Amino acid sequence: MLEEEDSDRIEKICPVCKKEATKRCSRCALVYYCCVEHQQQDWKKHKTTCHPFKIFSNEQYGRFLVATRDIKAGEIILKESPLLHGPAQITGPVCVGCLQGLEENKYKECERCGWPVCKKSCQDHPAHQAECKFTIARGSKISIQHFYVPHPTYQCLMPLRCLLLAESDPARWEALLRLESHEDERRGSEQWRNDREGVAKLIPRFFKCENKWDEDEILRVVGIVQVNGHEVPLTEPSSVAIYNMASMLEHSCRPNLSKSFTNRGEIMIWAPNAIRRGERLSICYTDVMWTTGNRLEHLQQTKMFRCECERCNDPTEYETYFSALRCSGFQTDGKCKGYLLPVDKDQWTGDWRCLRCSKEVTGAAVGKILERARIDLEAMQKHREDHCNKYMKHYSKWLAPNHQFLVDVKISLSQVIGGNNPEAIKKIPYDKLMNKIKICQDLIALFEKICPAEARAFGATRFELHAALAELGRRSTESNNSAAAAVQLEDSLHNAEECIRMLLHEPSVLMESKICAQARVNAQTLKTLLGIKE
């Protein structure tokens with residue numbers, strides 16, 4: 001039984017004049033007005049809560065969001081500034097102002113407290129002011145001498161920023177405390193013990209504030225950061241931010257929303273595909289391009305829950321076998337064409353069984369193959385086509401065609417084949433060009449099944465497919481096959497436009513934004529070639 005956090009009934013009363021109203025706000029579908037003038041008059045107040053979703057809650061899922069109306073493909077449903085922004089817990093020294101990574105002997109110190117900054121102006125960054133004053137109060141400046149990863153002092157910085165909100169910004173502090181920390185679930189775990197020693201005990205000792213916070217207060221804040229923190233890829237290394245409304249989005253390994261960030265660090269939640277009214281809204285707390293076993297382990301360790309989403313409950317992952325192994329790789333004759341998956345879908349480290357011949361393989365044997373494949377994947381040079389092909393040929397004996405590791409290599413191949421510069425693709429043989437097209441088409445078909453909202457993967461692959469089809473169309477034109485050329489160029493244009501749609505919201509500092517800009521230029525050229533007028 002769903003239970004609304006505020007009220008289960010939408011009052012058709014104009015909030016301005018308190019009279020009966022019939023005109024509903026088209027954006028949120030939750031508030032009614034008697035006239036356009038009163039809607040405009042109320043906008044300054046209403047815009048902070050005007051979203052196409054409503055907050056619900058129940059015992060199983062806590063708070064979650066449900067669409068209050070049909071949401072169109074491409075629609076932004078939430079844009080939100082962070083409650084707090086800071087360095088990751090595991091990081092080398094970064095500038096405490098802009099959060100960019102620092103190099104030894106290539107940084108400055110805050111003149112007041114000693115925390116490292118990349119330039120003098122960063123010492124005056126608003127995010128640094130509270131900790132700056134707090135550091136000054138300890139009686140001596142901080143001195144960062146080592147630039148190894150991770151730096152122990154930086155483990156404390158984000159939790160410290162949270163704790164200092166209580167005095168510097170009480171409203172944000174109260175909002176932060178309403179977020180889930182999973183205190184009980186975390187207590188006693190290895191991560192909890194590390195946080196107790198490296199953060200909860202270090203902060204009082206290092207900053208000489210033994211009576212300001214007790215261990216439980218600090219550990220609660222650490223839990224809030226770990227459970228609700230979003231990795232923000234605007235700097236190198238990435239930083240972490242906590243958002244209020246975005247924290248209420250539930251998790252799914254096949255989410256219906258995508259997230260991006262503005263250059264100012266705002267989170268942007270949008271719908272790559274249409275969402276119907278009444279659907280629950282979700283993002284992914286882990287990586288949708290990981291196998292089920294890896295996703296489950298990561299979620300359990302970092303977010304303290306076992307995922308029960310539709311994808312995790314289907315070991316075949318919509319019959320893509322994204323996490324499966326080939327039975328033939330474990331048989332001497334190699335004749336069975338079946339796939340191996342865990343005997344118990346909840347025990348990915350246990351024994352595996354073939355879906356066709358029922359042969360069982362120990363979890364140890366499976367783990368050995370996967371670990372070897374992972375190590376070789378990390379060691380290989382993905383920018384080299386021959387290395388990619390060698391990996392594919394070798395591990396296709398054990399891994400299902402759509403296995404995560406092979407998909408990772410296919411993504412690299414889609415970019416490497418004819419991808420060094422705009423002229424390189426014109427020189428590759430026809431069979432390589434067709435292979436690039438097939439790889440891209442296979443990847444897109446896979447993404448549509450397991451991660452239809454994974455905008456970055458879609459956008460980058462659509463661009464590579466667009467480039468290959470454009471080259472195929474050019475060759476058809478040169479061969480005087482105008483009919484084939486027209487079809488290929490139209491298909492290329494479609495993929496360029498899909499690339500733009502999927503990467504439209506990427507911040508300018510990321511490569512995806514540059515790919516999007518190039519796709520715009522290419523799309524315009526294709527329209528001219530095809531005689532399409534704007």
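Buried means under 20% relative accessible area, exposed over 50%, and partly exposed in between, with a 1.4 Å probe and protein chains only. By that rule Glu 319 is exposed, with a relative accessible area of 61%, whereas Glu 317 is buried at 0%. Both residues return below.

This is a predicted model, in which local features need pLDDT of at least 70, side-chain atom pairs count only at pLDDT 80 or more, and totals for chains, interfaces and linings use all residues. Residues are numbered from 1 along each chain as its sequence is written, and side-chain values use heavy atoms, with hydrogens and water left out.

Start with the overall division. The domain assignment gives domain 1 (1-50), domain 2 (55-80 + 243-313), domain 3 (84-238) and domain 4 (417-530). Such bounds come from an automatic or database domain assignment. Between domain 3 and domain 4, the C-alpha centres lie 43 Å apart.

For 51-286 the figures are 27% helix and 19% strand, with 25 Å between the end C-alpha atoms. Helices (H or I, at least four residues) and strands (E, at least two) are DSSP runs, numbered from the N terminus.

Now the sheets. Two strands pair if DSSP finds at least two bridges between them. Axes are lines fitted to C-alpha atoms, for helices over the stretch in contact, and angles run from 0 to 180 degrees between N-to-C directions.

Look at strand E14 (residues 267-270). Four bridges join E14 to E13, and E6 pairs with E14 over four bridges as well. Ile 269 of E14 is the bridge partner of Leu 78. Lys 259 also stands opposite Ile 269, while Ser 260 stands opposite Met 268. Both faces of E14 are covered: Ile 267 and Ile 269 on one side, Met 268 and Trp 270 on the other, are all buried. The hairpin of E13 and E14 has five residues between the strands, and Gly 265 there takes a positive phi near 90 degrees.

A further open sheet of three strands runs E7-E11-E10, again with antiparallel pairing. Strand E7 (84-87) and strand E10 (229-232) are the edge strands, each pairing on one side only. The twist averages 30 degrees from one strand to the next. E7 and strand E11 (residues 239-242) are joined by four bridges. Within that pair, Gly 86 stands opposite Val 240. Helix H8 (residues 215-228) lies across E10 and E11, at about 55 degrees to E10. The loop between E10 and E11 holds Pro 237. A cis peptide bond joins Glu 236 to Pro 237, with omega about 5 degrees.

Next comes helix H9 (residues 292-302). Its buried residues include Thr 292, Gly 293, Arg 295, Leu 296 and Leu 299. Seen down the axis of H9, the buried residues fall within an arc of 165 degrees, so they line one face of the helix. That arc is taken from the directions from the helix axis to the C-beta atoms. The buried residues of H9 pack against strand E12 (250-251), where contact means heavy atoms within 4.5 Å.

Finally, check the backbone after H9. Most residues other than glycine have a negative phi, and most peptide bonds are trans. Just after H9, Met 304 takes a positive phi of about 65 degrees. Glu 317 sits in the loop between H9 and strand E16 (325-326), and its phi is near 50 degrees. Glu 319 is found in the loop between H9 and E16 too, with phi near 60 degrees. Which of these is buried, and which exposed? Glu 317 is buried, and Glu 319 is exposed.
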